[in-house]
Amino acid sequence: MRAARLIRMALLVQSSPGLTADALARELDVSRRTVIRDAQALQEAGVPIRAERGRAGGYHLAPGHRTRLTTLHPTEAETLYLSGLPTALRDLGLSDAADTARLKLSATLLPSLRAAAESSVRRFHLDAPAWFREPSAPELLPELARAVWSDRTVEITYARPGRDGTVTRLLQPYGLVLKAGVWYVVGRVPEGPGGVWRTYRVDRVTALSPAGDEPFVRDPDFDLTEYWRASAEAFARTLLRTTATLRLTERGLARLPAVADPAGVAEALASASGPDADGRVTVELPVESEEVAFAQLSELGADMEVLAPDGLRERFRAHARDLAALYGVAGQR
């Protein structure tokens, strides 16, 4: 573990000269004291790393010194070859650049590592689009990607879903997200103090043009991964507009996460009552609509009874009567 951390520290200092002990401690998830000890260990191992004081201080490697990629472990080399989605690179217009980068990387690797890296390509393929969706890259995606890379404000025209016409916005594009074969751009609309964060589907951007000659200043605290996670959770929760009261067997409760929305299941489990005399528990499950709830909960069969709302309970009554009539079950009620 320490050897891997020392290599990572050397690579961090090489790629970002001037990192302070505190910054390295955050990157490596260790204490400041550990960073200082690791720097001493690197020096003893012959890596010319030094700490400098002042405004341009921090940790630096001696001029001209560079670590060698031949120190890669085979698993690390394999991972590098899997780090990009072929479909995403193609959509962004980066396929040729990625192929060239892989060739350059292969040329620097030892033969044994080169074989390990290339073998991963033959064993794993990442297919981003969802089933039954014809993959197609939005026409303006490469241009938008260039704006993301260069921190350039753009003016976009966006077709609003479910509404007539389009809307035009200035946008500081911070990042692109590929979700189930659909590209989204996350950015800040510079309106008012601090601006407003927005997410747009790229295939609904109908026009795009540069806005201004200077790059915008990125918010150093913005974390694309965390923003997407939080906004995706919030979006999923907004879809759950009603609540179904369910009475479940132990098996039904165990199967609930497999059929219902994760956000709704989490709330349902938190609301679960203790088992009744029949061993069943009652939960309050947030659902998108009665139609969606019926389609999802039908998979639970007799392990689930709907107590409310009345409309959903009646759907299951009618479904049970239809099944009984179809299969000739006696004693229908």
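**Entry 1. Overall make-up**

Helices here are DSSP runs of H or I with at least four residues, strands are runs of E with at least two, and both are numbered from the N terminus. On that basis I counted 13 helices and 10 strands in the protein. I note at the start that this is a predicted model.

I then looked up the totals. The protein has 333 residues, and 33% of them count as buried. Its accessible surface comes to about 20800 Å², with 54% of that area belonging to carbon and sulfur atoms. I also took the contacts between residues at least 6 apart in sequence, and 59% of these join residues at least 24 apart.

**Entry 2. Helix α1**

I checked the length of α1 first. It has 14 residues, which at 1.5 Å a residue should span 20 Å, and the C-alpha atoms at its ends are 20 Å apart, so the two values agree.

Next I asked which residues of α1 are buried. They are L6, M9, A10, L12, V13 and Q14. The elements that these buried residues pack against are α2, α3, β1 (49–52) and β2 (58–61).

**Entry 3. α1 against α3**

I describe two packed helices by the angle between their axes and the distance between the axes. For α1 (residues 2–15) and α3 (residues 32–44) the angle is about 85 degrees, and the axes are 10 Å apart. Angles of 65 to 115 degrees count as roughly perpendicular, and α1 and α3 are therefore roughly perpendicular to each other.

I listed the residues on both sides of this packing. From α1 there are R2, R5, L6, M9 and A10, and they meet T34, V35, R37, D38, A39, A41 and L42 of α3. L6, M9 and A10 are also among the buried residues of α1.

I looked at one further residue of α3, Q43. Q43 is partly exposed, its relative accessible area being 43%. With neighbours within four places in sequence left aside, Q43 is in contact with I49 and R50.

**Entry 4. Two positive phi values**

I looked up D29 and D151 for their backbone angles. D29 is not a glycine, yet its phi is positive, near 60 degrees. D29 sits in the loop between α2 (21–28) and α3. D151 is likewise not a glycine and has a positive phi of about 55 degrees. D151 belongs to the loop between α8 and β3.

Are these two residues buried or exposed? D29 has a relative accessible area of 71% and is exposed, because the cut-off for exposed is over 50%. D151 has 19% and is buried, because the cut-off for buried is under 20%.

T153 is buried, with a relative accessible area of 11%. I asked what T153 is in contact with, leaving aside its neighbours within four places in sequence. The residues are L170, L171, Q172, P173, P210, A211 and F216.

Beyond its neighbours within four places in sequence, V196 is in contact with G187, R188, V189 and E191. I also looked up V196 and L171, which are 25 residues apart in sequence, and their C-alpha atoms are 9.6 Å apart in space. L171 is one of the contacts of T153 noted above.

Not counting residues up to four places away in sequence, R201 touches Y158, V182, W183 and Y184.

**Entry 5. Helix α9**

I repeated the length check on α9 (residues 224–238). Its 15 residues should span 21 Å at 1.5 Å a residue, and its end C-alpha atoms are 21 Å apart, which agrees.

I then asked which residue caps the N-terminal end of α9. It is D223, with a side-chain oxygen 3.0 Å from the backbone nitrogen of T225.

**Entry 6. A cis peptide bond**

Last, I looked up the peptide bond from A308 to P309. It is cis, and its omega is near 0 degrees. P309 lies in the loop between β10 (304–308) and α13 (310–327).

Key: Residues numbered from 1 in each chain as written. Predicted model: local features only at pLDDT ≥ 70, side-chain atom pairs only at ≥ 80, totals over all residues. Heavy atoms only, no water. Expected span 1.5 Å × (residues − 1). Polar contact = N/O pair within 3.5 Å; in protein donor to acceptor, adjacent residues only side chain to side chain. Buried < 20%, exposed > 50% of the residue type's maximum accessible area, 1.4 Å probe, protein only. Contact = heavy atoms within 4.5 Å. Areas by Shrake-Rupley, 256 points an atom, 1.4 Å probe, with all protein chains shown as cover. Axes fitted to C-alpha atoms, helices over the stretch in contact; angles between N-to-C directions. Parallel < 35°, antiparallel > 145°, perpendicular 65-115°, else oblique.
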